[in-house]
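Please find below my comments on the model under review.

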Amino acid sequence: MIDLIQSGLSGLLLGGVFALAAVGLTLVFGVMDVVNFAHGEFVMLGMYIGFFSWSLFGLDPLLSIPIAAVVLAVVGTLVYQGVIRPVLGRNPLAQVIVTFGLLVFLRGLAQFLWTPNERSVQNTIARGLRFEVGGVVVGGPQFVAAVGALLCTAAVAWFIHRTEVGRGLQAAGEDPGGAALMGINPDRMYALSWLLAGGTTGVAGALLINQFSVSPVAGATFGLISFVAVALGGFGSVAGAALAGLMIGVVYGVVGLYASAYATAAALAIYLVVVVARPQGLRGTR
Amino acid sequence: MATLEGQAPASLGAGPVPVTGPLRYRRWVFLIALAVLLVAYPRVFVSGFAQNVGVNALTFAVAATGWNLLGGFTGQISFGHAMFFGAGMYTTAVFVMAGMSPWISMLPAAAVAATLGVLIGLPCFRLRGHYFSIATIAVGVILLTVVTDRTWLGGPEGLTLPIKDETLWNLQFSLRDLTEYYYVILAIFAVVTGLSFLFVRGRAGRYVRAIRDDDRAAAAVGVPVRRYKLIAVALSGGITALAGSFQVMHALFVDPPSALDLSLSIQIALIAVFGGAGSLWGPLLGGWSIIFVQSYSSVHWQTPGRPVDLLIYGALITIVAVVEPSGLAGLFRRGWRNGERWLATRRGGGVHRVTVTGDRR
């Protein structure tokens, strides 16, 4: 029983990071109907930035969070300007293929620059922490990642729903033509959504490097889980994606306890069941 | 259905275009020239590298031809086609290990893949757009996990096929020279391209293109959307499975990563799209160019431990998707059309023939 609670809790904490990773993805989809299949590779880049800040400059991954956020925000904006903007309004196939090409490219770039070796950080602040309540252990890295992820997710949700610019972002997503008439520049909102998506993904990556090692394929699982969380939550719904991320985390943890090889498969199976029964996702309206 | 064909809304009318004399003639010239090139290739380029490229390019061209029927013509973007490829590999492996000829095993291999496609299609074709694509990824990854756990399929170690006499019937040849393998996969490619041609030029082809362009409108004018999606996925899966059957005979080995990995699904889809989704020649163009670039860069431009092939391949895909979404086939078509226009204006004639180029996206 204690094992079950333990794995459920670990899963929930991991789910926090899944939620944050998924938020970036759902933001771009909600605003401009584009699924960034290279999203997992953005997470991987964030993890590498966390790693290299630690190995080259001795920065603790917690301190490198802002660096990762800024760099990934720049990457997100560059990707939007460079390859996404030219294919907007073209056939949907081109958009899918562009981001898949980007996935392969970024993975290849990481392999080329940093070799396929696995790398991980040691002796960080988060690793020194450890909580224990009645036999249930919460590791520092997990705890820090979950708290950081939830704070960041909440900040994004607040920004989108409570600020003027955030509402502009939503407006551009709902009706670009109408938004343009109201003095909102949809193109700038699209760029902003990629900037935000990159930034949140950078935060997620820097939080994850505390807990996981990074290699050029490290993004694969996180990308996969993010798509599932986003689709499950309903494309474009931040709250839905966050909820789905937490849910997948729990499933991941609990299934991982009994059959660790099946953890990802179980998360994907839930996606299939939910989506076939309810094709618009948990909270989506599309 | 007569009225349907008579009205010709967008894609329903884009079936076989009434081709005028000179153009039909030119199409045959093109076809024969291509056939001569493909047949002559292994005789002209005899290096091991070139022959490897040829065999792999054609294997992926066959797999991508399968993908193209579902993704390019029917508009259901699948990122799970490795499961059909893997179904072909595993089915052929199991039957050959039981003593059957690989040629005979291609029938059950295609049948298993087609059944798998229909079983997945039944629930998943309710999903649209990205939901469908992600569902195919999910099914593929789940299948990989399940197969890795099956001991009768060799588990994570996979299956190694027995080495037999080097005959055509056993589909095993000397590995010193891949010419025989090349001609076998070339023959398979010719057959599946012929099949695809028959499928897309007739009524079925008009139906699936209508589904691709707008499935609701297609349903509204009486196209049996669900049935034709299922037919497309069965045929698509069956064809991709043939590529897997050949692949396992060439490698004489199959394990879960080589048969079912997500990266294989992505490779199949990207090759089809890079060559030209919805074009019969797209998979051939995509297979040759991608496999060549990958092999060349991994042999010649690589320092140890720093693989460069993925980098170049990814960049190519991204650039082509941005510049010309209909892939290399689209680029060629555009070049061809411009050439014709240029010729026509030089002769001082009209440009009427320029519009008669069949399936435009």
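1. In this predicted model, the buried residues of helix H12 of chain A are covered from both chains: the covering elements include helix H10 (219-233) and helix H11 (238-258) of chain A, together with H6 of chain B. The buried positions of H12(A) are A:Ala263, A:Thr264, A:Ala265, A:Ala267, A:Leu268, A:Tyr271 and A:Val275. H12(A) itself runs over residues 263-277 and has 15 residues. From its first C-alpha to its last it reaches 22 Å, close to the 21 Å expected at 1.5 Å a residue.

2. The contact between the two chains takes 39 residues from chain A and 37 residues from chain B. On the side of chain B that touches chain A, helix H6 (129-148), helix H12 (262-276) and helix H14 (309-323) each supply at least two residues. Of the elements of chain B, H6(B) gives the most to this side, with 13 residues. By residue class, the side of chain B that touches chain A divides into 25 nonpolar, eight polar and four charged residues.

3. As to the overall build of chain A, its secondary structure comes to twelve helices and two strands. Read along the sequence, the pattern is α-α-α-α-α-β-β-α-α-α-α-α-α-α. The C-alpha trace of chain A spans about 60 × 45 × 35 Å along its principal axes. The radius of gyration of chain A is 18 Å, which agrees with the value near 19 Å that a compact globule of 286 residues would have. Buried residues make up 57% of the 286 residues in chain A. Among the contacts in chain A with a separation of 6 or more, 78% join residues 24 or more positions apart.

4. Which residues touch the most other members of the largest nonpolar core? That core has 214 residues, and the ones in question are A:Val17, A:Val228, A:Ala229, B:Val62, B:Ile185 and B:Ile268. H1(A) gives the most to this core, with 15 residues. For A:Ala229, leaving aside its neighbours within four places in sequence, the contacts are A:Phe18, A:Ala19, A:Ala22, A:Ala241, A:Ala244, A:Gly245 and A:Ile248.

5. Helix H1 of chain A deserves a separate remark. H1(A) has 31 residues, and its reach from first C-alpha to last is 45 Å, close to the 45 Å expected at 1.5 Å a residue. Of the 31 residues of H1(A), 22 are buried, so this helix is largely enclosed by the rest of the structure. H1(A) is followed by A:Asp33, whose phi is positive.

6. Most residues other than glycine have a negative phi. A:Asp33 is not a glycine, yet has a positive phi of about 60 degrees. A:Asp33 is placed in the loop between helix H1 (2-32) and helix H2 (39-57) of chain A. It is partly exposed, with 16 other C-beta atoms within 10 Å. In chain B, phi of B:Leu252 is also positive, near 55 degrees. B:Leu252 is placed in the loop between helix H10 (225-251) and strand S2 (253-254) of chain B. B:Leu252 counts as partly exposed because it has 16 C-beta neighbours inside 10 Å.

7. A further position in chain B is B:Val29, which lies in helix H2 (residues 21-44) of that chain. Is B:Val29 buried or exposed? With 10 C-beta neighbours inside 10 Å, B:Val29 counts as exposed. B:Val29 and B:Pro102 are 73 residues apart in sequence, and their C-alpha atoms are 34 Å apart in space.

8. On confidence, the predictor gives the complex an ipTM of 0.86 and a pTM of 0.86. The mean pLDDT of chain B is 85, and 89% of its residues reach 70 or more. Over residues 1-11 of chain B, however, the pLDDT is below 50, and this stretch has ten contacts in the model beyond near neighbours in sequence. Over residues 353-361 of chain B the pLDDT stays under 50 as well, and the model has 17 contacts for them beyond four places in sequence.

How values were computed
Residues numbered from 1 in each chain as written. Chains lettered and ligands numbered in written order. Predicted model: local features only at pLDDT ≥ 70, side-chain atom pairs only at ≥ 80, totals over all residues. Contact = placed C-beta atoms within 7 Å. Helix = DSSP H or I, 4+ residues; strand = E, 2+ residues; numbered from the N terminus. Nonpolar A, V, L, I, M, F, W, Y, C, P; charged D, E, K, R; others polar. Rg over C-alpha atoms; globule rule 2.2 N^0.38 Å. Buried ≥ 20, exposed ≤ 12 C-beta atoms within 10 Å, placed from the backbone. Expected span 1.5 Å × (residues − 1). Core = buried A, V, L, I, M, F, W, Y, C linked by C-beta atoms within 7 Å. pLDDT = per-residue confidence, 0-100.
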